[in-house]
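Subject: Structure for your review

Dear colleague,

I am passing on the structure below, and would be grateful if you could read the notes that follow it beside the coordinates.

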Amino acid sequence: MSAHAASHDGHDHSHDDHHHEIPFWKKYIFSTDHKMIGMQYGITAMLFLAFGFYLMMVMRWSIAYPHEPLPEWMSWIFTDNWKARWLLDGKVTGETYNMFGAMHGTIMVFLGIVPLGFGAFGNYVTPLQIGAVDMAFPKLNMFSYWIYLVGGVIMCASFFMESGAAKSGWTNYSPLAGFADGQIVNQWLAGQTQWLLGLVMLITSSLLGSVNFITTIINLRARGMTWMRLPFFVWAMLVTGFLLLLAFPPLEAAGIMQLMDRVAHSSFFMPSGLFTKSDGLADLSGGGSPLLFQHLFWFLGHPEVYVLLLPAIACVAEIIPANTRKPLWGYKSMVYSVLILGFLSFIVWAHHMYMTGMGAAVSTFFQTTTVLISIPSVIIITALLISLWGGSIRFTPPMLWACAFIPMFGIGGLTGLPLAFNLVGLHLHDTYYVIGHFHYVVAPGILFGLFAGVYHWYPKITGRYMSNFLSHVHFWPSLVCMNIIFFPMLTQGMAGFHRRWYNGGDAYLDKATAATADGANVFANTVAQNIDLNIVMSYGAWILAVAQIPFIINLFFSWKTGRKVESDNPWNATTLEWATPTPPGHGNFTFDVAVYRGPYEYSRPDCDKDYYPQWEAPNKPVGGEPDKSADKGHH
Amino acid sequence: MEIPYIVKPRKDTGLINSKIAIWLFLASEVMLFGGFFSAYVYLRLGADYPWPERTLPVLPGLINTFILIGSSVTVVFAWVALKLGNWRQFQIYMGITVACAAIFMVLKGIEYNVKFHHQAARLHDYTVVEGHLGYELKDGADTHHPKDGDYVLDRNGKKIEENMIRVVAEKVTFAVKRFHAPWVSEMLAEAEHAKSEIKLAADIKMVVEEGNEPVTLAKAGEPLSLDLLGKIRKAQLAALKHNASLRTDALRLEWKEAKDANPGKKGWQLASDVNIDVGALEPRLLTEVSTVEFTVDPPTRFLFKPRDIKEGAASSTLRDNTIITGAMEASPMVFHNLDAIDFQWLVMKAKEKGISPETAIANSWLMKNSEFVREAWAWHLVRNEKKQEVLNKRYGFKEDGKTPKQTLTHKELYRLGWKDLGEMGVETKGVKIGGVAKIKEEFMGPNYKARGEKTFPHLSVPREQIRHAAKFSPAWNTYYAIYFTITGLHGLHVIGGALVLLYYLVFGRKMFLSNPEWFANRVEVGGLFWHFVDLVWIFAFPIFYLM
């Protein structure tokens with residue numbers, strides 16, 4: 001901080017440089033420092049992830065043992081009143097399962113992974129990597145976090161209301177979502193409405209965040225940090241920012257319209273002549289379109305997949321060069337790929353809607369774009385894979401996760417290819433195959449990438465390494481269990497298991513065998529053959545939960561007891577975040593940052609170290625001329 | 001620590017931070033309103049009812065358009081004044097901008113208010129009637145010219161809009177877990193006002209402790225109160241909790257035994273045989289009381305909003321599952337001023353079924369039951385013929401010499417709006433208005449007082465004829481839904497933008513003196529947002545008012 005003290009000339013900053021003067025609440029709670037906000041995001045997101053994981057475990061119990069009461073080791077978390085309301089003789093009911101399913105998806109996507117990838121890593125690392133003192137709008141950054149937190153709390157608070165939390169799937173399709181909780185007199189206090197309110201807040205938070213990120217990346221790059229010297233991480237954050245900026249607002253529009261449907265009784269998404277068993281002919285004007293909601297939802301929904309994915313790829317792309325000691329292979333093609341990926345992700349959304357009867361022409365268009373978007377994804381993943389070739393790989397904890405990311409994401413991506421075709425969609429739509437596909441992308445894919453990020457930047461954040469032993473105890477069971485959980489889903493899906501069966505196919509099995517006693521129903525057979533996989537998968541889930549305990553221990557105990565880092569650049573990496581003190585103070589850099597070269601200059605023959613950091617002024621200028629490359633750009 | 005490029009632009013990008021940010025923000029706003037405008041197109045193209053065209057008063061909308069465009073100009077002038085260092089001029093132009101915003105919102109408010117007081121109803125035969133609701137009158141009062149003393153007043157001394165469901169309650173049965181407290185209070189007050197009593201119908205006896213004898217929680221005849229209901233609810237929740245945990249334990253035990261007895265068998269193979277032994281559990285269970293019944297003595301008339309109740313001849317159910325036992329009184333919807341008769345939808349449905357529009361209209365409930373409507377329709381047909389003749393003269397016929405080149409629109413053919421009814425009043429009944437009343441009418445819609453019942457008659461529609469009814473609110477149809485959503489959101493943007501500009505105007509002086517360039521940047525960013533608000537309106541105005 002001393003470098004800045006010199007530039008003090010009075011008028012505005014009584015608040016910034018004097019660390020010891022910042023009161024606790026301003027430093028840790030209402031902080032405007034991008035690193036603290038990043039950590040707030042990270043911790044909150046991990047808590048939400050844990051909660052989402054727990055919901056999933058309850059669901060997996062219901063799938064594996066639909067007739068047995070929830071065991072006490074899972075149900076102790078509920079109060080007795082809650083259990084009396086939502087469990088039937090201790091068993092998970094269909095209604096409760098729907099609630100947990102909808103909230104599992106919502107929490108994992110909107111409250112867990114986006115805030116962890118974009119909010120936490122993006123906030124902590126991006127300004128450091130471009131050599132900025134902070135985000136362009138620190139207060140906006142703080143608001144962004146707090147709106148996210150309030151939105152998340154509102155959504156989760158609805159678990160304890162009369163109506164329970166939202167139950168109409170994380171996609172919240174109307175008219176189902178329009179009718180849900182209709183019995184609640186004050187619609188503002190219905191879980192389904194709270195979900196919408198929470199969602200509007202989360203979207204607002206993301207919008208503020210993305211405006212901030214993009215502005216920061218465009219305008220606050222350090223001297224010499226030209227576009228093609230940006231680490232891939234920053235490029236990924238830039239594209240993610242644009243995706244959030246442009247894809248989220250249509251969902252906000254949909255959310256507001258659905259809110260109108262609920263509280264102002266409009267019929268945006270309610271068709272004419274709706275008839276329900278319980279209420280008869282709906283007292284609504286009708287004339288709306290359920291398909292409109294799906295279009296608006298998936299216009300966000302598909303870019304959202306890349307909002308989840310890009311931060312994870314970004315982490316992996318930083319970790320692989322540092323641990324192979326060679327440059328990222330095909331940096332430029334990766335950058336162009338990620339830009340094309342960002343663009344294409346806006347025109348593939350209706351591949352989620354093949355079964356709605358949009359028409360052959362529309363389906364064909366979206367089928368084509370969907371197949372096209374696999375090209376940039378494959379370029380990126382191939383570049384990462386080739387980056388390993390010929391490197392001297394160090395299997396540090398972050399590298400383990402990064403290496404696992406590549407095949408796991410590969411399986412996720414490849415299982416998606418069949419789904420791109422609408423003919424195959426006929427068979428696989430809404431089956432466990434789809435669940436298996438996107439969970440391979442999100443859980444062992446994206447989450448592994450983010451775990452890699454935690455292990456990679458932990459030494460910068462705390463000044464200590466995480467325990468190597470505990471990392472291995474965390475990694476190997478996680479890798480095995482993820483596959484135990486998700487691989488059988490692909491099989492089950494092809495066997496016809498529907499994704500919304502709360503009893504794991506059990507009721508279907510009974511009915512089908514009763515109806516065709518000779519077993520002629522092909523699905524009765526395939527369901528019977530695959531139903532016991534439910535139990536295998538559920539055990540996988542529980543072991544996976546246990547496997548996260550070493551991580552939690554590691555995360556907290558290494559903070560105080562881990563091995564101390566030897567230098568500010570423990571991995572001998574090249575990007576700018578390693579040029580800061582450990583941990584970086586408010587304002588980040590202690591010297592005037594200038595950038596002299598690309599982000600991944602490892603094992604350069606003209607350098608005596610095997611890495612050549614971006615910030616090191618060339619001491620042996622080639623050809624006798626002093627290197628002026630840092631003066632590219634501004635100043 | 002200081003964030004760079006707040007005041008001076010960065011050289012290679014040529015931009016200050018806030019300029020980038022506002023353009024990004026506006027891009028996301030474009031996507032937001034883009035979503036709504038797409039929804040408008042989607043809903044309009046897919047509408048399965050006659051989309052209301054040109055139903056909003058154009059004049060206030062047009063004035064608002066010019067006001068917003070004007071304010072977009074003045075906000076630039078204000079910024080220029082700042083760049084020139086002229087604070088006084090900045091104040092004037094910014095003042096005008098904010099004042100324009102205020103006028104815009106006032107006009108918008110008037111427009112909204114008119115809509116929220118305008119009732120529409122669709123009958124089962126798809127006839128649509130529009131107008132203003134009347135208030136409940138005492139028997140024998142003059143429906144056309146009620147005097148102050150003719151109205152039935154509720155217990156607060158207010159007139160009762162004739163759109164309520166009236167039930168004479170003899171018994172009220174509450175759902176213990178989820179009765180809606182405000183409604184209970186409402187019933188209590190209503191009963192007190194009518195000097196009747198709501199009393200518990202039978203003793204509430206519950207086993208509240210395991211193994212004990214049942215205790216009497218409340219005796220028959222105890223008056224209804226929220227405390228009483230609360231007490232029963234508390235006992236009920238405790239019972240549910242106790243019983244659920246007993247049943248859960250019992251089921252766990254059964255499963256353990258079943259699994260021990262059948263090693264190797266799968267859960268789903270055993271499931272049908274594993275059941276709780278209810279008989280063994282029975283003595284330990286607490287009593288569950290899910291509903292409590294009260295009698296209303298003497299039977300009292302309760303009023304409910306149509307949306308809150310599913311009415312039936314002998315018993316009705318409220319949305320909180322409260323059951324009201326008792327006869328439903330006639331609960332017609334009464335238009336004191338009927339100002340539109342619309343057969344467009346009915347004709348559309350008739351054509352789908354292959355019925356001729358004339359037959360369908362002649363058979364409609366409205367034509368059969370209202371003398372006025374028959375008269376008006378006859379007049380309308382004659383006038384339409386004249387209109388068609390005018391068209392024929394002007395545009396001529398097609399080659400066959402019979403088919404006119406230009407015909408009246410569907411709306412002209414099958415809808416009698418308030419202007420048509422006004423015309424008819426002038427022509428056949430000698431109703432004339434002029435001067436201020438006329439101007440007011442141009443601006444705010446029909447002038448009921450000046451025109452009276454000769455133009456806008458009284459109409460009572462029985463409840464069972466009504467399929468869907470609402471004010472001109474989002475609930476009426478998707479047109480009003482998208483209209484209120486887009487203009488409402490736009491209005492919020494106007495308010496938000498105006499507040500920011502007002503903040504600059506009121507609190508900007510200090511910053512203007514200390515850092516004029518930074519302040520000008522802020523005003524510029526605010527002005528960019530203001531242009532965007534203007535732009536949205538320029539799209540919204542034609543699609544809602546003109547098309």
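I begin with a detail in chain B: B:Pro298 is placed in strand 7 of chain B, where helices (H or I, at least four residues) and strands (E, at least two) are DSSP runs numbered from the N terminus. The peptide bond that leads from B:Asp297 to B:Pro298 is cis, with omega near -10°.

Before going further, please note that this is a predicted model, in which local features need pLDDT of at least 70 and side-chain atom pairs count only at pLDDT 80 or more, while totals for chains, interfaces and linings use all residues. Residues are numbered from 1 along each chain as its sequence is written, and chains are lettered from A and ligands numbered from 1 in the order in which they are written.

Strand 7 of chain B (residues 291-304) pairs with strand 3 of chain B (residues 165-175) in the antiparallel sense over ten bridges, pairing being assigned when DSSP finds at least two bridges between two strands. Within strand 7, B:Phe294 stands opposite B:Val172. Both strands belong to an open sheet of six strands in chain B, with antiparallel pairing and the order 4-7-3-10-9-8. Strand 4 (197-200) and strand 8 (309-310) of chain B are at the edges with a single partner strand each, so one side of each has no neighbour in the sheet.

As a whole, chain B contains 18 helices and 14 strands. Its radius of gyration (taken over C-alpha atoms) is 33 Å, well over the 24 Å that the globule rule (2.2 Å times the number of residues to the power 0.38) gives for 547 residues, so chain B is more spread out than a compact globule. The C-alpha trace of chain B spans about 85 × 80 × 60 Å along its principal axes. Chain B is divided into domain 1 (17-118 + 474-546), domain 2 (165-330) and domain 3 (337-471), with bounds that come from an automatic or database domain assignment. The centres of domain 1 and domain 2 of chain B, taken over C-alpha atoms, are separated by 52 Å.

Of the 547 residues in chain B, 32% are buried, a residue being buried if 20 or more other C-beta atoms lie within 10 Å of its own, exposed if 12 or fewer, and partly exposed in between, with C-beta atoms placed from the backbone. One residue of the intermediate class is B:Leu133, which is partly exposed, with 18 other C-beta atoms within 10 Å, and which is located in strand 2 (residues 128-133) of chain B. Its C-alpha atom is separated by 6.6 Å from that of B:Glu161, 28 residues apart along the chain.

Chain A has 21 helices and four strands. For its 635 residues a compact globule would have a radius of gyration near 26 Å, and chain A agrees with this at 26 Å. Its C-alpha trace spans about 85 × 55 × 55 Å along the principal axes, and 56% of the residues of chain A count as buried. The mean pLDDT of chain A (pLDDT being the predictor's confidence in each residue, from 0 to 100) is 91, and 92% of its residues reach 70 or more. Over residues 1-18 of chain A, however, pLDDT stays under 50. Where pLDDT is low, the predicted coordinates should not be read in detail.

Some backbone details of chain A may deserve a look. A cis peptide bond joins A:Ser174 and A:Pro175, with omega about 0°, and A:Pro175 lies in the loop between helix 7 (138-157) and helix 8 (176-179) of chain A. The loop between helix 7 and helix 8 also holds A:Asn172, which has a positive phi of about 55° although it is not a glycine, and which counts as buried with 25 C-beta neighbours inside 10 Å.

Finally, the two chains meet: 59 residues of chain B are in contact with 61 residues of chain A, contact meaning that the C-beta atoms of two residues, placed from the backbone, lie within 7 Å. Helix 1 of chain B gives the most to the side of chain B that touches chain A, with 14 residues. The residues of that side divide into 32 nonpolar, 14 polar and 13 charged, where Ala, Val, Leu, Ile, Met, Phe, Trp, Tyr, Cys and Pro count as nonpolar, Asp, Glu, Lys and Arg as charged, and the others, Gly among them, as polar.

With best regards
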